[in-house]
Amino acid sequence: MGVDIHVENLNAWYGQTHTLKDINLQIPANHATALIGPSGCGKSTFVRCLNRMHETNPIARAEGTVRIGDIDIYKDASPVEIRRRIGMVFQRPNPFPTMSIYDNVASGLKLNGFRNKRVLDEVVERSLKSAALWDEVKDDLKKKSGASISGGQQQRLCIARALAVDPEVLLMDEPASALDPVSTAKIEDLIFELKSQYTIVIVTHNMQQAARVAENTGFFLTGTLVEFGKTHKIFTNPSDKRTEDYITGRFG
Amino acid sequence: MGSLPVRSATSERLSSLRRSAANHLVTTLAILSTVVVLVPLVAILGYLIYKGASSLNLAFFTHVPAPVGQPGGGMANAIVGSGVILGLASLLGIPVGIGAGVYLAEYGQGRLFGNIIRFTADVLNGVPSIVMGMAAYALIVAKQQHFSAFAGGIALAIMMVPTITRTTEEMLATVPHAVREAALGLGIPKWRTVISVSLRTASPGIITGCMLAFARVAGETAPLLFTAFGNQFWSFNLNQPIAALPLQIFVYAVSPYDEWHRLAWAGALVLIAMIMISVTLVRIFANRGALKGGH
């Protein structure tokens, strides 16, 4: 099941650049939350702070409190533990090219030392079914490389891989921006399905996509969270002038 | 919208001719260079077969060298000795080389220590092989007061390391950042990501690097002259002098006897064949687990 995310006074830097400024935000469990804003506004940095991927860049730094469920991820746990509980799907599909489809899905468990073959088989099947990919790949699970399927299939494979470690939160950083419209629609359907079981945070450039999949939407601009609220309110009756300018296409 | 400049049909045809002429020229040059490279290679191999094949017989592979003045004899001990020395060199050189390459690519980026290692590897790569042999002599043979297979193996291992280190580093650098992020994002620890994702993705290139290093040292004579030293008899003791094909070829080639010259040719042919066979075997073995559509 998903968990709530509480963010208090989160600041992040890349070298000298202050990319996130005093972000305060509550993301409800078992809903999809969209983050929109122009390029460079800090929305990707924000999601990368939620699973501590931000700090894998040696010049990056973050400060503040992020509570996922009952743990303060910057105080109570190591980055490695955090990332097992918080799955991430990236902008470009990034399957492991040398692994089979099966091993890609099983990698999160296998590479953490889990070896029970019967359980792995079950997890792989369940995850691929959750990612709506099972029927397309079930005959080639161990024969084909994860990089040999189409881009849209690869992205669903990456979602299955993230689901296989049974996370509580699923972070998606523009998961459909490199895909064609049909694959994009499949990913969106999937988000719609998955949000009953996971807390989903999705960064997107596509405002229609935010409107279609997310209950709540946050608008980022130059490292600050300008406005956060119900998606339909953000899109039909925003409180902030800057939000209105952005969604009506006056800038960005 | 501005319109494209209008060009006459004649100038259109002329520039098309020029393009296709340039294309043909470059293709021809490329083919020519390939031929220039391949001719000496094929010629050497052909000459080796011509000179060496006639002296190859079962005895060559089963007998130790015959005493001076007696006909017959073979290089069985040198073939096995080369295998022993090269096995030892690979056993020592490949793990150290890959380990250093991993450090350079994954941990030592932009660090002084990393830069020092990279520089040392490049310098080591250019050190003449005889100097390597002298170093191994001074460090091991002189201390132990005797020649040994072990000293030869170490000399060759040191020669293998820089090539393997730099290839490993460069191949790891070609692994997309997104693939590493995928692993870290799954909560896989960094060391595990390096082993199971980065190294595995880069493995075809790293294997090629190891094979290049192996093939290079397999024919080395100079570093073995004062380390493994050579031996006319069977020896399986790593702590004793041991025969090696390049040494045996060297000794026979500079001897005054025709019979030995013929054996030297045969030895050279066997040496090349051994290198080709081991490289091919590794390739086949490495490709066995490859997946459809993977790398």
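Reader: What makes strand β9 and strand β10 of chain A a pair, and in which sense do they run, parallel or antiparallel?

Author: Two strands pair if DSSP finds at least two bridges between them. Strand β9 (residues 216–221) and strand β10 (residues 224–230) of chain A have 6 bridges, in the antiparallel sense, so they count as paired by that definition. This is a predicted model, in which local features need pLDDT of at least 70 and side-chain atom pairs count only at pLDDT 80 or more, while totals for chains, interfaces and linings use all residues. Residues are numbered from 1 along each chain as its sequence is written, and chains are lettered from A and ligands numbered from 1 in the order in which they are written.

Reader: Which residues of β10(A) are the bridge partners of A:Asn216 and A:Phe219?

Author: A:Asn216 has A:Lys230 as its bridge partner, and A:Phe219 has A:Glu227. The two strands form a hairpin with 2 residues between them, and A:Thr222 in the turn has a positive phi of about 40°. Strands here are DSSP runs of E with at least two residues, helices are runs of H or I with at least four, and both are numbered from the N terminus.

Reader: Why is A:Thr56 called partly exposed?

Author: A residue is buried if 20 or more other C-beta atoms lie within 10 Å of its own, exposed if 12 or fewer, and partly exposed in between, with C-beta atoms placed from the backbone. A:Thr56 has 16 within 10 Å, so it is partly exposed. A:Thr56 lies in the loop between α1 and β4 of chain A.

Reader: How many residues of chain A are in contact with chain B?

Author: 26 residues of chain A are in contact with 20 residues of chain B, where contact means C-beta atoms, placed from the backbone, within 7 Å.

Terms used. Contact = placed C-beta atoms within 7 Å.
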